[in-house]
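Okay, thanks for having me, everyone. Let me put today's structure up on the screen.

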Amino acid sequence: MKGLLKYLIMLFLRLFVRIFYIFPIKSNRLLFFSYKGTQYSDSPMYVSKELVKQFGTRLQIIWAFKNKKDYKFLTQEGIKLVKYYSIKRVYYECTSKICINNIGSYSWLPLRKGQEHINTWHGGGAYKRCALGEVKNNKYVKKTFNYGAKETSCFLSSCKIFSDKVLKDDFNYSGFTLNIGLPRNDCFFDQKHIDNISDKLRKIYNLENKSVILYAPTWRYEETGETIDPERILSVFNKKYDRQFVFLYRGHHLSKTNLNFDFVENRIIDVTDYSNMQDLLCLADFLITDYSSCIWDFALMHKPIYLYVPDLSSYISNRGFHVTVTEYGFPYAEDNSELCKLILDDSLENAYINAEQHLKMLGSYESGFATEKTVNFIKNKLTID
């Protein structure tokens, strides 16, 4: 019933937005949003920054946010802000030459002749099923996703399996794809940037000379299995490397996880409210995750990755994978005892080999120039005075 209601609303919106077709498309106007208007982040942010750097106010760059007042600082760069849920946002999206986001919500927005709808997608690699692969038997949600594919004119891709398999199986998409990597991941090819961001975050979180473990699980509909034990993990790392570690937890933006551990000042820290995940990955010395696409991002730096997957069997049954955990090439554990043993037995020398094999297995397109290539693609579509 819920799927049917959303489908009917989508059909109504497809008719309603045509009212704005009386207004011409502006050849230098672009509309952006990230994570449904909740953040200024991810690949749309990096593309937007580069366009502002190159063209300033010669372009009309508009960002849509749910809490517009939190992003007033962007107006100093000449960026116009609109409410995510507003008629004004619909007007600008209908009259922008290019619309860019990282989620893909174009099902209700017919692609006008001469427009580009670009989906940068918010996950690199090819791991868990999503979109059509996730909804299973809900035919109305599937119809909505199919409209979204039809109205998308360009997808960005991080790797060959995403282009060849995920786009076809999960999005029913057969249109144009930029096989160039993700703009958000260019930073991992710049060691100076990595060092600068690390220094900045160490000051923000008062980390001093401690090494950093980042725990960043993906979201799920419900929690099953054993919750991670930060104190136990810290004890193992401190013992193995004979230095002090800090445990950072970064929850997924959709997660409603009820954690069974407490945050402790200067030792176990919640960094979920820090919106730029790429910065946190630059800071981290070790990553613990599960089926999250941050595996892909972190692998680009060839740092150690451990997978904590206490709900592996149920996740396979309920969600499914394109490439399963056993094929990732990283150590994985289904409970805290296994995870501690993996950490103790592992060698840092394995990190580079594991990451390199993982990137090769998925057919990486990342080179550090995705932002430049995306902006070049966009420039060729615009008329800039």
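Let's start with helix α2 (residues 42-55) and helix α15 (residues 370-379), which pack at an angle of about 65° with their axes 10 Å apart. Helices here are DSSP runs of H or I, at least four residues, numbered from the N terminus. Axes are lines fitted to C-alpha atoms over the stretch in contact, and angles run from 0 to 180 degrees between N-to-C directions.

One quick caveat: this is a predicted model, where local features need pLDDT of at least 70 and side-chain atom pairs count only at pLDDT 80 or more, while totals for chains, interfaces and linings use all residues. Residues are numbered from 1 along each chain as its sequence is written, and side-chain values use heavy atoms, leaving out hydrogens and water.

Who's touching whom? On α2, look for Tyr46, Val47, Glu50, Leu51, Gln54 and Phe55; on α15, Thr371, Thr374, Val375, Ile378 and Lys379. Contact means heavy atoms within 4.5 Å.

Now the other pair: the axes of α1 (residues 2-16) and α5 (residues 139-150) come within 8 Å, crossing at roughly 35°. From α1 we get Gly3, Leu4, Tyr7, Met10, Leu11 and Arg14, meeting Tyr140, Val141, Lys143, Thr144, Tyr147 and Lys150 of α5.

Last stop, Tyr328. Which residues does Tyr328 touch, not counting those up to four places away in sequence? They are Tyr127, Asp290, Ile295, Leu307, Phe321, Val323, His358 and Met361.

Notes
Helix = DSSP H or I, 4+ residues; strand = E, 2+ residues; numbered from the N terminus.
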